[in-house]
Amino acid sequence: LPFIEYLFEVSTGISLLELTDQNHPVLRRMLLEAPGTYHHSFIVGTLAEAAAAKVGANALLARVGGYYHDIGKLIKPEYFTENESHKGSHHANLSPTMSTLIIVAHIKDGIEIGKDYNLPSAIMDFIPQHHGTSVVEYFYHEARQRAPDRNINRDFFRYLGPRPRTKETAIVFLADSVEAASRTLSDPTPERVKGLVHQIINYKLMDDQLDDSMLSFHELNTIEEQFVRVLSGIFHGRIAYPEPVRK
């Protein structure tokens, strides 16, 4: 079976299940070297699997793609927010253009790591497509603030793409943005989560990032509902436990 998969460049459920093993060398490296990215990737995989199952896409492929989409961050993990230490951001002393080059480079680095570990082509597709040709908004706006009199070229701050070309890669593309943005919610009530998810999906749609994904409007609504359901479960409230009474 592995020979047939290699020869015809297909991935069966068996090979995909093997990639979900948390003892896989890539996932072990992420856990030890980039724990924030590791945690982010597993939530993205969970979001993607739930949404893919509801729209008739390959749920297992979407989950595994979510696990491995950010492996390029292993090269410079400290430059990504989820892995920052108490010392602060490594971008503080860099120009927005230099920071953008470092951030965008995790796509190329991820492709190289995927080749080193012989990841199947179906998983490799998630690495360049999970950002599409989106703009690195934070550093684009920072560049405009630093030079308000200059005409800043927005395209310089874009990822190289390509845009998502399958339902599975498009779902991971959306899950990645939604999960990252949900971390900014100070009070993640279900209503706020729903508003945030709707805003992000609508923005990506208006930015033409989903034009090649084969997703319908009805499927996008279903994906939005699943994202809200899963995130609301993650951010569910807890009761305050009483302090232990000293004897």
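A residue is called buried when its relative accessible area is under 20%, exposed when it is over 50%, and partly exposed in between, as computed with a 1.4 Å probe on the protein chains only. At 2% relative accessibility, F157 counts as buried.

The structure described here is a predicted model, in which local features need pLDDT of at least 70 and side-chain atom pairs count only at pLDDT 80 or more, while totals for chains, interfaces and linings use all residues. Residues are numbered from 1 along each chain as its sequence is written, and side-chain values use heavy atoms, with hydrogens and water left out.

## Aromatic rings

A pair of aromatic rings is described by the distance of the centres and the angle of the planes. Rings of Phe, Tyr and Trp (its six-membered ring) pair if their centres lie within 6.5 Å; planes under 30 degrees apart count as stacked, over 60 as edge-to-face and the rest as tilted. Five aromatic pairs are found in the whole structure. In one of them, Y138 and F139 stand edge-to-face, with 5.1 Å from centre to centre and 90° between the planes. Y138 is exposed, at a relative accessible area of 61%, whereas F139 is buried, at 8%. F156 and F157 are also edge-to-face, because their ring centres are 5.5 Å apart and their planes meet at 85°. F156 is partly exposed, with a relative accessible area of 43%, while F157 is buried.

## Salt bridges

Side chains of opposite charge can pair when their charged atoms come close. A salt bridge is defined as a side-chain nitrogen of Lys or Arg within 4 Å of a carboxyl oxygen of Asp or Glu. The structure holds 13 salt bridges, and the table gives examples.

| Salt bridge | N to O distance |
|---|---|
| R63 and E49 | 3.1 Å |
| R158 and D155 | 3.1 Å |
| E179 and R183 | 2.8 Å |

The salt bridge of R63 and E49 links distant parts of the chain, since R63 lies in helix α5 (residues 59–68) and E49 in helix α4, 14 residues apart. Helices (H or I, at least four residues) are DSSP runs, numbered from the N terminus. R63 is buried, with a relative accessible area of 18%, and E49 is partly exposed, with 28%. D155, the partner of R158, is exposed at 51% relative accessible area. In the remaining pair of the table, E179 is buried at 3% and R183 is partly exposed at 43%. A network of salt bridges links D70, K73 and E82.

## Pockets and the cavity

Rolling a probe the size of a water molecule over the atoms shows where empty space is left. On a 1 Å grid over the protein atoms alone, a cavity is a set of points where a 1.4 Å probe fits but cannot get out, and a pocket is an open set with protein on both sides within 12 Å along at least five of seven lines; lining residues have an atom within 4 Å of a point. Grid points are joined across faces, edges and corners, and a volume is the space filled by probe spheres set on the points.

The largest pocket holds about 1,300 Å³ of space. It is lined by 39 residues, of which T81, H131, Y138, A180 and A181 are the closest to its centre. Helix α10 provides the largest share of this lining, six residues. Ala, Val, Leu, Ile, Met, Phe, Trp, Tyr, Cys and Pro count as nonpolar, Asp, Glu, Lys and Arg as charged, and the others, Gly among them, as polar. By these classes, the lining of the largest pocket has 15 nonpolar, 14 polar and ten charged residues.

The second largest pocket holds about 480 Å³. Among its 20 lining residues, E5, Y6, N118, L119 and P120 are the closest to the centre. Helix α2 gives the largest share of this lining, four residues.

There is one cavity of 30 Å³ or more. The residues that line the largest cavity are G72, I75, K76, F80, I102, A105, H106 and D109, and they divide into four nonpolar, two polar and two charged.

## Helix α10

Helix α10 has 16 residues and reaches 22 Å from its first C-alpha to its last, close to the 22 Å expected at 1.5 Å a residue. The expected span of a helix is 1.5 Å times one less than its number of residues. The helix is mostly covered, with 14 of its 16 residues buried.

Terms used. Helix = DSSP H or I, 4+ residues; strand = E, 2+ residues; numbered from the N terminus.
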